[in-house]
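Colleague: Can you take me through this one? I'd like to go over it piece by piece.

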Amino acid sequence: MQHLILIVYGLLGELVMQNLIKFISAFFLALTLMTVAGCASTSRHEGSGEYVDDSVITMKVKAQLFDEPNLRSGQINVETFKGVVQLSGFVSARSDMDTAIEVARRVPGVKSVKNDMRLK
């Protein structure tokens, strides 16, 4: 009888250990998935890869605006979020505004341009 109890106890212990291992595995899988999901972008938050891409686009747009003759690019602010470039600041003429928008659209990676520039 004592041997039977030890065998049953051993089998139960083995089942408990298997279930515990499954639980721990599932827990760490869920934790990993939540961590990865936390790094993904949302409509209001960028993932790290998108942030780098957007900062490169911003730098390229600023460089192109700076190289544009007859355009005072120092008064134009550039921000990028998920490929959408926002231009803000002050320009002297409507033609300067149109030029800045067209320059920004030509930069690779720009999905659209939002114009928040104002005329002085």
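Modeller: What follows goes from the fold to the cavity, the loops, the salt bridge and the surface. This is a predicted model, in which local features need pLDDT of at least 70, side-chain atom pairs count only at pLDDT 80 or more, and totals for chains, interfaces and linings use all residues. Residues are numbered from 1 along each chain as its sequence is written, and side-chain values use heavy atoms, with hydrogens and water left out.

Colleague: How many helices and strands are there in the protein chain?

Modeller: The protein chain has three helices and three strands. Here helices (H or I, at least four residues) and strands (E, at least two) are DSSP runs, numbered from the N terminus.

Colleague: What pattern do they follow along the sequence?

Modeller: The pattern is α-α-β-β-α-β.

Colleague: And what share of the 120 residues is buried?

Modeller: Buried residues make up 23% of the 120. Buried means under 20% relative accessible area, exposed over 50%, and partly exposed in between, with a 1.4 Å probe and protein chains only.

Colleague: Give me one of the buried ones.

Modeller: Ile101 is in helix 3, residues 94-106. Ile101 counts as buried because its relative accessible area is 11%. Its C-alpha atom is 9.7 Å from that of Met117, 16 residues away along the chain.

Colleague: Cavities next. How many of 30 Å³ or more does the structure hold?

Modeller: One. The largest cavity has a volume of about 40 Å³. The search runs on a 1 Å grid over the protein atoms alone, and a cavity is a set of points where a 1.4 Å probe fits but cannot get out. Grid points are joined across faces, edges and corners, and the volume is the space filled by probe spheres set on the points.

Colleague: Which residues line the largest cavity?

Modeller: The lining is Leu71, Arg72, Gln75, Phe90, Val91, Ser92, Asp96 and Lys120; lining residues have an atom within 4 Å of a point. By class that lining has three nonpolar, two polar and three charged residues. Ala, Val, Leu, Ile, Met, Phe, Trp, Tyr, Cys and Pro count as nonpolar, Asp, Glu, Lys and Arg as charged, and the others, Gly among them, as polar.

Colleague: Where is Gln75?

Modeller: Gln75 lies in the loop between helix 2 and strand 1. Gln75 counts as partly exposed because its relative accessibility is 30%. Gln75 and Ser88 are 13 residues apart in sequence and 8.4 Å apart in space, C-alpha to C-alpha.

Colleague: What else is in that loop?

Modeller: Gly74 is in the loop too, between helix 2 (48-67) and strand 1 (76-81). At 74% relative accessibility, Gly74 is exposed.

Colleague: What is the phi of Asn70?

Modeller: Asn70 has a positive phi of about 65 degrees, although it is not a glycine. Most residues other than glycine have a negative phi. Lys82 also has a positive phi, of about 55 degrees, and is not a glycine. Lys82 sits in the loop between strand 1 and strand 2 (84-91) and is partly exposed at 24%.

Colleague: Switching topic: how many salt bridges does a search of the whole structure find?

Modeller: One. The criterion is a side-chain nitrogen of Lys or Arg within 4 Å of a carboxyl oxygen of Asp or Glu. The pair is Asp98 and Arg94, at 3.5 Å, N to O. Both lie in helix 3, four residues apart, about one turn of the helix.

Colleague: Last one: which residues form the nonpolar patch on the surface?

Modeller: Phe23, Ile24, Phe27, Phe28, Leu31 and Met34, with about 640 Å² of accessible area together. Patches are made of residues with over 30% relative accessible area and no salt bridge; like charges are joined within 9 Å, nonpolar side chains (Val, Leu, Ile, Met, Phe, Trp, Tyr) within 5 Å. Accessible areas come from the Shrake-Rupley method with a 1.4 Å probe, and for residues only the protein chains shown count as cover.

Notes:
1 Å grid on protein atoms, 1.4 Å probe; cavity = no way out; pocket = protein on both sides within 12 Å on 5 of 7 lines; lining within 4 Å.
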